[in-house]
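Here are a few notes to read alongside the model, colleague.

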Amino acid sequence: MLMRGGTSKGAYFLAGDLPADPAVRDDLLLRIMGSPDPRQIDGIGGAHPLTSKVAVVSPSGRPGIDVEYLFLQLGVDEPTVSDRQNCGNLLAGIGPFAVERGLVRAGEDGTSVRIRMVNSDNVATATFATPGGAVDYDGDTAISGVPGTAAPILLDFEDTEGSATGALLPTGRVRDVIDGIEVTCVDNGMPVVVAAASDLGVTGYEPPDDLAADDGLRDRIQSLRVQAGALMGLGDVTETSVPKTTLVAPPRDGGAICTRTFIPLRVHASIGVLGAVSVAAAVLMDGAVGHDLTRRPGPDAPMSVEHPSGRLEVRVELDGATPRRSSIVRTARKLFDGTVFPRPATRSTP
Ligand code: NQM
């Protein structure tokens, strides 16, 4: 099933419909998406990392969990398949997909699905409308980066700190200096390197295309994230999709902080869900890069994260300085359900 999940789009599969061997599965998925090819012309990928995504879903045998969700990020012009990051946007489609495929029985009005995010071994609860026991995708909720409105899907995250690295501050410090630039390395669901846009010679308000055209900036971001990755215990991240880098600037549209995010080098059209949850947790911390740039109407107000196509509101519940729960509202839509015909596997020439 092809679905829009939040501001991303991906192919959703039942795990049982895919090869069990990860190498065989990944080869099939690359051919389905049309990678490697900058246009993904021979597959169903959308020629951008945000539309070259796969969700693999299976029933869960764990107590209190309904379904298991494995996220796979496929490269566009590289033949890569990575399970090293989560995707909170595709997550928005998991509950509806589980109902559509009969993995979860819908309630008469609404349904809550407990989802284990296999990539990070975290649990999220998705709550959405199911009038008469069927998913209703229509509604009045608008999210920045998606035209029109759809039914709201509430996503609640638990214990996301250290999702990929084991610690909220994986370097053990609230600030590090890399290449002479102060950064905060954070992992509250997504490993992210937070830096002040002004320290990289940009305002942080540029449109994504302007940032994407700046080769010098791209090289500096790569140097920052590669060194940060090693400090965060992620090893050599030269070719991997995490950590992301978020440049922060003072808000200018009524939000709490303004962001421009690199995933890991392409510029995000908005910001990832768990990326935003991580950045929000970072800038709430005393001493973190961005803390002094943050404007928040009150301690209980949601963290409104400005990004290139609008704002994303994140609620972060703190236990002291440690985030315990976060929640966010997304929408999702079933776009297409059917049979995909992958490009044939290339036969090795004798
Ligand atoms: O941070 C893009 C997206 C994402 C990931 C990325 C995401 C998240 O917008 O939870 O959703 O950071 O590569 O889908």
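**Notes on a helix and a ring pair**

1. In helix 1, the buried residues are Arg25, Asp26, Leu28, Leu29, Leu30, Arg31, Ile32 and Met33. Buried here means under 20% relative accessible area, with exposed over 50% and partly exposed in between (1.4 Å probe, protein chains only). Please keep in mind that this is a predicted model, where local features need pLDDT of at least 70, side-chain atom pairs count only at pLDDT 80 or more, and totals for chains, interfaces and linings use all residues. Residues are numbered from 1 along each chain as its sequence is written, and side-chain values use heavy atoms, leaving out hydrogens and water.

2. Strand 2 (8-14), strand 3 (53-59), strand 4 (67-74) and strand 5 (81-82) are among the elements that cover those buried residues. Helices (H or I, at least four residues) and strands (E, at least two) are DSSP runs, numbered from the N terminus.

3. Now the ends of this helix. Aspartate 21 caps the N-terminal end of helix 1, with a side-chain oxygen 2.9 Å from the backbone nitrogen of alanine 23. After helix 1 comes glycine 34, with a positive phi near 90 degrees.

4. How many aromatic pairs does the structure hold? There is 1 aromatic pair. Tyrosine 12 and phenylalanine 97 form this tilted pair, 5.7 Å centre to centre with 45 degrees between the planes. Rings of Phe, Tyr and Trp (its six-membered ring) pair if their centres lie within 6.5 Å; planes under 30 degrees apart count as stacked, over 60 as edge-to-face and the rest as tilted.

5. Tyrosine 12 lies in strand 2 and phenylalanine 97 in helix 2 (residues 88-100), so the pair ties together parts 85 residues apart in sequence. Tyrosine 12 counts as buried because its relative accessibility is 1%, and phenylalanine 97 is buried at 0%.

Note on methods:
Contact means heavy atoms within 4.5 Å. A polar contact is a pair of N or O atoms within 3.5 Å; within protein, one must be able to donate a hydrogen and the other to accept it, and residues adjacent in sequence count only if both atoms are side-chain atoms.
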